[in-house]
Amino acid sequence: MRMRSQIRTLLRFELRDEFRGGEVGLVVVPFAVVALLTIPMAVGIDTPLLERIGPGIYWSIIMLFGVLVTQRQSSTAPTAARDMLRLAGVDPAARFAATTLATFVLLVAFEIGAGLATVALYSPALDSWWPLAALLPLTAAGLAMIGTIAGNIVSGLETKTSLVALIVVPIAVPLLLGAAQATEGLRVGAGILRWVLLLAIVDVVLAVAGVLTARPLEESPR
Amino acid sequence: MTSPTVSLRSVAVRKPGALILRSIDLELAPGSATALFGANGSGKTTLLRVVATLLRPSTGTGEVLGAPLGTAAVETVRKRIGLVGHDTTLYPNLTLGENLELAASIVLGRSARTEAHQALEQVGLAAAVDRRAARSSNGMKRRVEFARLLIVAPDLLLLDEAHVGLDPDASKLVEHLITDVTSRGGSALVVAHEEERVKPIVDRTLTLVDGILAGAAS
């Protein structure tokens, strides 16, 4: 089976499994909305302050709760399921791509859901909204790749759930920085190109690292 | 002389703080079925994973289906290995039919819904095609794994306590899988605890004690 075909097949079934499970829509998004709600409750109805901190809070929530999305069952799949795919002849790079794409789709949906809640609760005033069409997928792609690589690293380890978070969050800092600074640039009318480039470069580096490490990580002793 | 399906020489597996397998020498002849017994923690599953090419030995050498262990060549023979382990490989929110279709599509390299449904029929799950894996019994999930083996038609069959929790019909299915592989000139290695149940369907038995192949009988 060609790699592209393997990716398509795995992606289709992974997404079907995730959407039916509904973990992102029914658990992560509502949990993130509650977290977004706690800040206005803590600082009070200070509209200028909320407008100012809204984008930063949004991206922090995306990073922290996005980890829950990257930890979804299929990206930290049990050893037996991975073994089955290895014996079936799935290319490790194809599995990396399929898992990353599935997580990417879920993260973009999560970003949109949390974004709507942020607009409703914080009313951030951005000069322009259309650059978000690039910022959201760039950030989601980076986070998805970090999550998949972390899932591959901790696969088969007993402490995998907590380890994924420990690996993902520090590596995701450049993504948080790029996304938050770009959105701040949109709020104050400053240039955002360098921050978008930072996100794009991080994504490219992660893609190369993910593809190159997929096989060694899969074949390493567990 | 036909070369063995599996040949291990002085294989050891070391994990942090423990030596799981020690100096294992093992040969599986074509057309043979072997049972592997041993207490919990004796290293049976680890040995099965080595034979399945999923775990690289710390020391020692060997070949599986002609591919030297620890080399990239094992990836070319993996499709000829059928493994059913303790844990389910099924996606919980996919139906039994979809789970088998996924595995079959990857193995066959094309959409394989028809083959998946036919295989489920063969293992007595025709009526449960649309049942989600999460809502299925362990026995049903195990049957799906067997259905996968019917599609793969492996030359090397590896079963890790496959008899546990099976009803008589499903047990017959295990026997059928073993007979099918050996009649085609392949080999089967069956890890089990219930000696009385397994002995009649294998050619020889081995016992693992603390990572050492302590006894062998035909």
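Two strands pair if DSSP finds at least two bridges between them. The model examined here is predicted. In chain B, the bridge partner of B:Asp160 in strand 8 is B:Val191. This link belongs to the pairing of strand 7 (residues 156-160) of chain B with strand 8, which is parallel and has five bridges. Strand 3 (residues 33-38) of chain B is also joined to strand 8 of chain B, by four bridges, and these two strands run parallel. Here B:Ala35 has B:Val190 of strand 8 as its bridge partner.

Strand 8 of chain B covers residues 187-191. Five of its five residues are buried, so the strand is largely enclosed by the rest of the structure. In a regular strand the side chains alternate between the two faces of the sheet. In strand 8 of chain B, B:Ser187, B:Leu189 and B:Val191 point one way. B:Ala188 and B:Val190 point the other way. The residues on both sides are buried.

Chain A is built from helices. It has nine helices and zero strands. Its C-alpha atoms fill a box of roughly 60 × 35 × 25 Å along the principal axes. For 222 residues, a compact globule would have a radius of gyration near 17 Å; the value for chain A is 18 Å, which agrees. Buried residues account for 45% of chain A. Of the contacts in chain A with a separation of 6 or more, 86% link residues 24 or more positions apart.

Helix 9 of chain A spans residues 193-219. At 1.5 Å a residue, its 27 residues should span 39 Å, and its end C-alpha atoms are 40 Å apart, so the two values agree. The helix has a kink of about 40° at A:Thr213, shortly before the proline A:Pro216. The buried residues of helix 9 include A:Trp195, A:Leu199, A:Val202 and A:Leu206. The charged residues A:Asp203 and A:Glu218 are also among them. The buried residues of this helix pack against helix 4, helix 5 (92-122), helix 6 (132-154) and helix 8 (173-188) of chain A.

The two chains also meet. In this interface, 20 residues of chain A are in contact with 22 residues of chain B. Helix 1 (3-21) and helix 4 (79-87) of chain A each supply at least two residues of the side that touches chain B. Helix 1 of chain A gives the most, with seven residues. By class, this side of chain A has 10 nonpolar, four polar and six charged residues.

Note on methods. Residues are numbered from 1 along each chain as its sequence is written. Chains are lettered from A and ligands numbered from 1 in the order in which they are written. This is a predicted model: local features need pLDDT of at least 70, side-chain atom pairs count only at pLDDT 80 or more; totals for chains, interfaces and linings use all residues. Two residues are in contact if their C-beta atoms, placed from the backbone, lie within 7 Å. The radius of gyration is taken over C-alpha atoms; the globule rule is 2.2 Å times the number of residues to the power 0.38. A residue is buried if 20 or more other C-beta atoms lie within 10 Å of its own, exposed if 12 or fewer, and partly exposed in between; C-beta atoms are placed from the backbone. The expected span of a helix is 1.5 Å times one less than its number of residues. The bend at a residue is the angle between axes fitted to the seven residues ending there and the seven starting there.
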